[in-house]
Amino acid sequence: MNKKQKRQPGELEALVLGCLWDAKKPMSSQEVQAAVSKQGELALTTVLTVLSRLEDKGLISRRVDAGRSLLFTEVESREEHTAKVMLNLIEEESNPALAFSFFAKGLTKAQRTSLKKILGE
């Protein structure tokens with residue numbers, strides 16, 4: 001992405017959170033920067049701001065490592081996060097049955113079979 005292109009709201013947060021999910025281990029801010037900014041287009045201060053926002057939202061945690069270095073890790077798995085987002089959307093919906101109907105129509109046959117199995121049908 002060149003500097004003239006605008007990012008969508010939340011795009012950097014999603015990128016950083018995805019990086020932590022993929023790593024499956026605590027990462028320093030420098031490691032996160034290297035992973036999400038292969039050509040060095042993101043400044044470390046930008047990455048630190050995004051990490052701080054994610055921590056404020058309760059999506060990641062940080063701890064002090066050797067010296068004054070900070071390590072960041074996700075609070076919940078990608079799947080747990082996705083489920084919470086879906087549940088929040090359904091809670092806000094005035095007609096959840098209709099939303100579920102549209103959701104189910106968008107599932108593949110394999111996904112519907114998996115969902116039925118989980119629901120015990």
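Mentor: On one side of helix α3, T45 and D56 are exposed (over 50% relative accessible area, with buried meaning under 20% and partly exposed in between; 1.4 Å probe, protein chains only). The model is a predicted one, in which local features need pLDDT of at least 70 and side-chain atom pairs count only at pLDDT 80 or more, while totals for chains, interfaces and linings use all residues. Residues are numbered from 1 along each chain as its sequence is written, and side-chain values use heavy atoms, with hydrogens and water left out.

Helix α3 comprises residues 44-56; helices are DSSP runs of H or I with at least four residues, strands are runs of E with at least two, and both are numbered from the N terminus. Its 13 residues reach 18 Å from the first C-alpha to the last, close to the 18 Å expected at 1.5 Å a residue (the expected span being 1.5 Å times one less than the number of residues).

On the other side from T45 and D56 are the buried residues of α3, namely V47, V50, L51 and L54. Seen down the axis of α3, these buried residues line one face of the helix, because they fall within an arc of 100 degrees (taken from the directions from the helix axis to the C-beta atoms). An α-helix has 3.6 residues a turn, so residues three or four places apart point the same way. The buried residues of α3 pack against α1 (11-23), α2 (29-36), β2 (60-64) and β3 (70-74), where contact means heavy atoms within 4.5 Å.

Beyond the helix, α3 is followed by G58, whose phi is positive, near 80 degrees. In the loop between α3 and β2 lies K57, whose side chain meets that of E13 in a salt bridge of 2.7 Å, N to O (a side-chain nitrogen of Lys or Arg within 4 Å of a carboxyl oxygen of Asp or Glu). The pair links distant parts of the chain, 44 residues apart, since E13 is in helix α1. K57 counts as exposed at 52% relative accessibility, whereas E13 is buried, with a relative accessible area of 17%.

Helix α1 also holds D22, which is tied to R78 in helix α4 (residues 78-92), 56 residues apart in sequence. D22 is exposed at 56%, and R78 is partly exposed at 34%. The whole structure has five salt bridges.
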